[in-house]
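The sequence and structure come before the text.

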Amino acid sequence: MIDHAHDLACVRDATERLLTAVAKLDNASLAEPSRLPGWTRGHVLAHLARNADALVNVLEGRPMYPSAEARDADIEQGAPRPLDVQLADLRESAARFQAAEDAPADWARTVELRNGVTDSAARVPFRRWAEVELHHVDLGIGYELEDLPAEFLERETGFLAQRFTGHPDVAPTRITDGTREWTTGRQADEPEVVVSGTAAELVGWLAGRRDGSGLTAEGALPALPPL
């Protein structure tokens with residue numbers, strides 16, 4: 001059962017870690033490349049702020065973004081801003097998200113995200129938690145997948161495995177960190193590929209942050225489509 005209040009507290013903790021780390025940067029470092037192709041660190045921070053506002057839209061019944069073009073334009077416009085402006089935007093957008101989540105609501109209702117994706121309102125805080133944690137890693141400022149909370153790594157592995165379940169281009173796969181297992185990929189009469197490794201390496205592979213070279217595969221490591 002999803003505990004949206006617990007996940008919201010985890011979002012607050014993750015956001016504070018992010019803000020503390022970003023506050024140690026300077027304007028020049030924000031213009032340097034992040035680990036995401038074509039994005040500077042400023043792009044990552046602008047995206048995080050606009051994602052918080054987009055999830056407020058979702059919770060309040062509006063489209064997540066007016067359009068894909070508007071989303072991209074907002075990130076490009078926000079990327080070159082100085083550090084103090086980025087930090088203020090991150091704090092203020094995070095506060096708006098928290099306020100929307102704190103409002104009384106039917107958390108069992110279905111909400112619509114991007115590209116027709118739907119989910120329960122109760123899982124929106126976990127989605128925001130994933131955005132904050134993974135993009136903190138993407139900044140390349142010393143926070144690594146291995147630093148992510150154990151609870152987050154376990155749940156994100158299951159969440160990402162579920163996203164690829166039934167995908168025709170992903171071979172039937174069983175994933176394990178040595179203590180837990182998840183299945184993913186297409187449903188077909190063919191042998192499963194067994195992929196094992198640490199929780200951090202599994203999330204890195206499933207989220208497209210690592211190439212899977214740190215994993216062990218019984219069979220060919222499946223190629224994963226972009227998220």
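## Pocket, core and a loop residue

In this predicted model, α3 (41-59), α6 (124-138), α7 (150-164) and α8 (199-206) each contribute at least two residues to the lining of the largest pocket. The helix that gives the most is α6, with five residues. The volume of this pocket is about 980 Å³. Its lining consists of 31 residues, and R114, E131, H135, R163 and L227 lie nearest the centre. By residue class, the lining of the largest pocket divides as follows.

| Class of lining residue | Number of residues |
|---|---|
| Nonpolar | 19 residues |
| Polar | five residues |

The largest nonpolar core holds 65 residues, among which V22, F97 and L148 touch the most other members. At least two residues of this core come from each of α1 (4-22), α3, α5 (83-102), α6, α7, β5 (193-196) and α8. The element giving the most to this core is α3, with ten residues. In soluble globular proteins, nonpolar side chains tend to be buried together.

Leaving aside residues up to four places away in sequence, L148 is in contact with E133, L134, V137, Y143 and L153.

A31 sits in the loop that runs between α2 (27-30) and α3. Is A31 buried or exposed? The relative accessible area of A31 is 56%, and exposed means over 50%, so A31 counts as exposed. A31 and H43 are separated by twelve residues in sequence, and their C-alpha atoms are 8.7 Å apart in space.

Technical notes: Residues are numbered from 1 along each chain as its sequence is written. This is a predicted model: local features need pLDDT of at least 70, side-chain atom pairs count only at pLDDT 80 or more; totals for chains, interfaces and linings use all residues. Side-chain values use heavy atoms; hydrogens and water are left out. On a 1 Å grid over the protein atoms alone, a cavity is a set of points where a 1.4 Å probe fits but cannot get out, and a pocket is an open set with protein on both sides within 12 Å along at least five of seven lines; lining residues have an atom within 4 Å of a point. Grid points are joined across faces, edges and corners, and a volume is the space filled by probe spheres set on the points. Helices (H or I, at least four residues) and strands (E, at least two) are DSSP runs, numbered from the N terminus. Ala, Val, Leu, Ile, Met, Phe, Trp, Tyr, Cys and Pro count as nonpolar, Asp, Glu, Lys and Arg as charged, and the others, Gly among them, as polar. Buried means under 20% relative accessible area, exposed over 50%, partly exposed in between (1.4 Å probe, protein chains only). A nonpolar core is a set of buried Ala, Val, Leu, Ile, Met, Phe, Trp, Tyr and Cys residues joined through side-chain atoms within 4.5 Å. Contact means heavy atoms within 4.5 Å.
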